[in-house]
Amino acid sequence: MKVVVCTHCILNQNAKLEGIAGWPGMIEEVMAIIRRSGAGILQIPCPEVIYEGIGRFDKSVEQYRCPAFQSLSKTIASGVIDQIEDYLNWGYQIPAILAIDGSPTCGFNLTQSAPEWRGRVAEMNWKEVRYIPEPGVFMKILSDEMKERSIDIPIIGIPELPELGSMEEALEKIEGALK
Ligand code: SF4
């Protein structure tokens, strides 16, 4: 009676923007902890894949803050929170929600920012990418709605790149939450 809520690409790295997946399929270190704990998984749909598919270009959090993407994120988040609420009402435990730090959508502690990105992709300077200590579009909407509904579940960010945080620390937090 324990369910961990996982950002989609923890179980399916194929959803990542092409070329940036850090693992071939699943994030095995995370999966090993969940398996050992005996918990099940509620996999959140990938907002970016639904919005613009596998062949999408890289985007900043500022671009994803457009109304249409926020509206899609709100629909997905509400459906996920409905399920969380139902599990809780029936006595199940939801020990953690796992986010992906660095993502402009599913980051929690860090999100990719490039406010100047717009227009002709070929002329962009990709080195301008940086990260700001804010949640991505989807995680912000999810955490705000959880607060509105008085649901308090820790959100743990897993760094999508080694320079964005300590994987060991993230794994320790997950292990601690699932005990
Ligand atoms: S971080 Fe979120 S938006 Fe990006 S690939 Fe994973 S699930 Fe999709």
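## Packing of the helices and the ligand shell

The buried residues of helix H7 pack against helix H2 (28-37), strand S3 (97-101) and strand S6 (155-159). In this predicted model, the residues concerned are Ala-170, Ile-174 and Ala-177. They span an arc of only 65° around the axis, which places them on the same side of H7. An α-helix has 3.6 residues a turn, so residues three or four places apart point the same way. The other side of H7 holds Glu-168, Glu-169 and Gly-176, which are exposed. H7 itself comprises twelve residues, 167-178. The distance from its first C-alpha to its last is 16 Å, close to the 16 Å expected at 1.5 Å a residue.

Seven helices and six strands make up the chain, and read from the N terminus their order is β-α-α-β-α-α-α-β-β-β-α-β-α. The radius of gyration is 16 Å, close to the 16 Å that the globule rule gives for 179 residues, so the chain is as compact as a globular protein of that length. The C-alpha trace spans about 55 × 30 × 25 Å along its principal axes. Of the 179 residues, 34% are buried. Among contacts with a separation of 6 or more, 73% are between residues 24 or more positions apart.

Buried in H5 are Phe-69, Ser-73, Ala-77, Val-80 and Ile-84. The partners against which the buried residues of H5 pack are strand S1 (3-6), helix H3, helix H4 (61-64) and helix H6 (137-148).

Phe-138 counts as buried because 30 C-beta neighbours lie inside 10 Å, where 20 or more are needed. Neighbours within four places in sequence aside, the contacts of Phe-138 are Pro-47, Ser-73, Ile-76, Ala-77, Thr-105 and Cys-106. Two of these contacts, Ser-73 and Ala-77, are among the buried residues of H5. Thr-105 is 33 residues away from Phe-138 along the chain, yet the C-alpha atoms of the two are separated by 5.0 Å.

Cys-106, a contact of Phe-138, also belongs to the surroundings of the ligand. The ligand is surrounded by 13 residues, the closest being His-8, Cys-9, Cys-46, Ser-103 and Cys-106. Helix H1 (8-11) and helix H3 (47-52) each contribute at least two residues to this shell. H3 provides the largest share, three residues, and H3 is also one of the elements against which the buried residues of H5 pack. Sorted by class, the shell has seven nonpolar, four polar and two charged residues.

The loops give a contrasting picture. Trp-90 sits in the loop between H5 and S3. Trp-90 is exposed because 8 other C-beta atoms lie within 10 Å, and the limit for an exposed residue is 12 or fewer. Trp-90 and Trp-117 are 27 residues apart along the chain, and their C-alpha atoms are separated by 46 Å. Gly-91, which follows H5, has a positive phi, near 90°.

Arg-118 belongs to the loop between strand S4 (111-113) and strand S5 (130-132). With 11 other C-beta atoms within 10 Å, Arg-118 is exposed. Its C-alpha lies 35 Å from that of Ala-96, at a sequence distance of 22 residues. A further loop, between H6 and S6, holds Ser-150. Ser-150 has a phi near 60°, a positive value in a residue other than glycine. Ser-150 is likewise exposed, with 7 other C-beta atoms within 10 Å.

Methods:
Residues numbered from 1 in each chain as written. Predicted model: local features only at pLDDT ≥ 70, side-chain atom pairs only at ≥ 80, totals over all residues. Helix = DSSP H or I, 4+ residues; strand = E, 2+ residues; numbered from the N terminus. Rg over C-alpha atoms; globule rule 2.2 N^0.38 Å. Contact = placed C-beta atoms within 7 Å. Near = placed C-beta within 6 Å. Nonpolar A, V, L, I, M, F, W, Y, C, P; charged D, E, K, R; others polar. Expected span 1.5 Å × (residues − 1). Arc of directions from axis to C-beta.
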